[in-house]
Amino acid sequence: MSIRNPEPSMTSEESGEGVSRRGVDRRAVLRGAGLLGALTASGGALAAPALADPAQAAAPSTLDPTDFTLTADYSEYTTRVEALLEQAGSAGVSEVMDTANHDRTEARVLDDQVHGFRFAPSDENDPDVAPQGITTSRDAVGTAGNGRYDGRQVIAVSFYNNSPKGSRINLIDWDANHPNSYRRILLVEPIGTAAEPSFQDVEIHVGGIAWYGDLLYVADTGSGMRVFDMSRIVTTDTGGTKDQIGREGDTFYAHNYAYVLPQVGRIDSEVAGGTEKLVWSTISLDRVSRSIVMTEYRCVDCDGDYPEGPTRAVRFPFAEGKHTFAGTTTATEALDVPLHYLNGVASHNGRWWFNDSHNKTLHHWSGSGAMTSKPWVSWGESLSYWEDADGPDLLWCLKEEKGDRPVFAVKQGDYS
């Protein structure tokens, strides 16, 4: 979220009719070369903030991590999800990407970026939606097989929708052998019974996402996280009306979307007595420590629009050898971060990054001493760390402002 964009909104619309593919060769993009300058809606080139010598900010201070716990339930929706897959039909990520029906184009945001792209105009300019979270198949599987999940290297970006209320992910192809295209997948919560399953919209801000193994963890601002399974995509009928959602007779509708991703679990956040409840504004995966890190969007003098006060960042580890949390999980690290307006967080190998969207600053903390700070983009959202066995590791980010919603990556070493 952004202080300049205070009202959460969301989009739908996804017919099975394909937008034309232009088949742009992305090999140069994947090598970090030949990037095109992007144009704003008014036709002017986007300004690219230049890197400055790093400034310093005070170091985060430690909090008692035992004050923060998670309780996990991965079984509540199991029978209904399995029934949906059987009765409505299923598809894998590779099949979904074979039907990708929206084009993206290259974009330059920062002078030192490695990659950058922009969504189709229907996403770039829609006032009823906003992109929020980002994760990739490199989060899901690491660097094995060049980070391919179900044979595809992809980037996932979460959007909230206002009309009708709901949320989704855009799944973007990131292989030179495939077109510059992406597909929208609606996030849904199963309802009904195992005999007659149905689903409804997930009306949350989807401020951050983290993909680990098959599971997609989605920040739920007031309560913790919702969990979805990327191996359990459900096919739906693209007919009906934009308002139709769920089962009607033996047909399943989803606001004209061709695919839905049903919720398979929930992770509830709890705090010790006397500790203020966490605000789950954004999350990301740390593959090194096998944990999810979260932070809060808190501001100064927000007149009640957003929470104020100290900002916290907390790390929660996965169960040993699994992509799931234990029934109860206690945090292993908790920080009081001397910053506000944080829309993005990342951590890797003991280091932290914090995206201050209001002050256009990306902060890095090595785990000791003061933070270093460098100019960043306006309207910046979530962060995702991209491991690369053959080149520099990257930090991915995105912007949410209507008409200016690029997704881009920089070398993490340039911001460390």
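Author: Let us begin with one side chain: Trp376 has a relative accessible area of 2% and is therefore buried, where buried means under 20% relative accessible area, exposed over 50% and partly exposed in between, with a 1.4 Å probe and protein chains only. This is a predicted model, in which local features need pLDDT of at least 70 and side-chain atom pairs count only at pLDDT 80 or more, while totals for chains, interfaces and linings use all residues. Residues are numbered from 1 along each chain as its sequence is written, and side-chain values use heavy atoms, with hydrogens and water left out.

Reader: How is a pair of aromatic rings described, and which kind of pair do Trp376 and Tyr415 form?

Author: A pair of aromatic rings is described by the distance of the centres and the angle of the planes. Rings of Phe, Tyr and Trp (its six-membered ring) pair if their centres lie within 6.5 Å, and planes under 30 degrees apart count as stacked, over 60 as edge-to-face and the rest as tilted. The ring centres of Trp376 and Tyr415 are 5.1 Å apart and the planes stand at 75 degrees, so this pair is edge-to-face. Tyr415, with a relative accessible area of 4%, is buried.

Reader: How many aromatic pairs does a search of the whole structure find?

Author: The search finds 19 aromatic pairs. In one of them, Phe119 and Phe159 have ring centres 5.4 Å apart and planes at 75 degrees, so that pair is edge-to-face. Phe119 is buried at 3% relative accessibility, and Phe159 is buried at 0%. Both rings belong to one aromatic cluster, whose members include Trp174 and Tyr182.

Reader: Which residue lies over the face of Phe159?

Author: A charge sits over a ring if NZ of Lys or CZ of Arg is within 6 Å of the ring centre and within 35 degrees of the ring normal. Arg168 lies over the face of Phe159, at 4.3 Å from the ring centre, and Arg104 lies over the face of Phe117, at 5.1 Å from the ring centre.

Reader: What should I look for in the backbone?

Author: Most residues other than glycine have a negative phi, and most peptide bonds are trans. Here a cis peptide bond joins Ser163 and Pro164, with omega about -5 degrees. Asp150, although not a glycine, has a positive phi of about 55 degrees, and Asp150 is partly exposed at 42% relative accessibility. Asp303 also has a positive phi of about 55 degrees without being a glycine, and at 74% relative accessibility Asp303 counts as exposed.
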